[in-house]
Amino acid sequence: MMEDRMKKRVFSPPIVLLFLAFSLLLLLPEASATKFTVGDNKFWNPNINYTEWAKGKHFYLGDWLYFVYDRNQANVLEVNKTDYETCNSDHPLQNWTRGAGRDVVPLNVTKTYYIISGKGFCFSGMKIAVHVEKLPPPPKAAPIKSGAPTLFSTGHILLTPAIFAVGAAWDAFIHFW
């Protein structure tokens, strides 16, 4: 009698659905932001070509720029395009400087970020323009060729391993409790 109640409780539909939902979540690919250390191992310093550094890199929503510099000399200011081109730091849109010489700029809007260092260092090359775009969609699966097995064909290429994985996880779950 006690064993029958235990089976009913363990195999109840809400628990089974919860377990299956959790199992499917584990199969989803991860999306993660990228941290770009500006200038790589040369950091945020004068006489470095940051346009060249940014060339070939893709900046996406959710990524962030990490600036490492001498806090007593430089800073990190976001400006408009005109101020970027003329190295004018008088009216920054955002001052990302926090005082430690280790500052983060989150790239959370699709736009071009224009970042300079004031105090005259912009004229020594301490400026960078970063275009942020939406994350591209995942690649589409290749079309299925005729005669190739599908999920519902006799091969059950994807379905069989998934059933065994869920069964093994369920068995481990039952034995754990």
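Visitor: In which helix does aspartate 83 lie?

Guide: Aspartate 83 lies in helix α4, residues 81–86. Helices (H or I, at least four residues) and strands (E, at least two) are DSSP runs, numbered from the N terminus. This is a predicted model: local features need pLDDT of at least 70, side-chain atom pairs count only at pLDDT 80 or more, and totals for chains, interfaces and linings use all residues. Residues are numbered from 1 along each chain as its sequence is written, and side-chain values use heavy atoms, leaving out hydrogens and water.

Visitor: Is aspartate 83 buried or exposed?

Guide: First, the scale. Buried means under 20% relative accessible area, exposed means over 50%, and partly exposed is in between (1.4 Å probe, protein chains only). Aspartate 83 is buried.

Visitor: Which residues does aspartate 83 touch?

Guide: Contact means heavy atoms within 4.5 Å. Aspartate 83 touches Asn88 and His91, not counting residues up to four places away in sequence.

Visitor: What is the nearest side chain of opposite charge?

Guide: Lys and Arg count as positive, Asp and Glu as negative; His and the chain ends are not counted. For aspartate 83, the nearest side chain of opposite charge is lysine 127, 11 Å away. Aspartate 83 has no salt bridge.

Visitor: How many salt bridges does a search of the whole structure find?

Guide: A salt bridge is a side-chain nitrogen of Lys or Arg within 4 Å of a carboxyl oxygen of Asp or Glu. The search finds 2. One joins glutamate 52 and lysine 55, at 3.3 Å from N to O. Glutamate 52 is partly exposed, at 46% relative accessible area. Lysine 55 is exposed, at 57%.

Visitor: Which residue forms a salt bridge with glutamate 78?

Guide: Lysine 111 does, with the closest N and O atoms 2.8 Å apart. This pair links distant parts of the chain, 33 residues apart. Glutamate 78 sits in strand β4 (residues 77–79), and lysine 111 in the loop between β6 and β7 (112–116). Glutamate 78 is buried, with 5% relative accessible area. Lysine 111 is partly exposed, with 32%.

Visitor: What is the strand order in the open sheet of 3 strands?

Guide: Two strands pair if DSSP finds at least two bridges between them. Here the order is β1-β3-β6, with mixed pairing. The edge strands are β1 (35–37) and β6 (102–106), each pairing on one side only.

Visitor: In which sense do β1 and β3 pair?

Guide: β1 and β3 (residues 64–68) pair in the parallel sense, over 3 bridges. Phenylalanine 36 stands opposite leucine 65 in β3.
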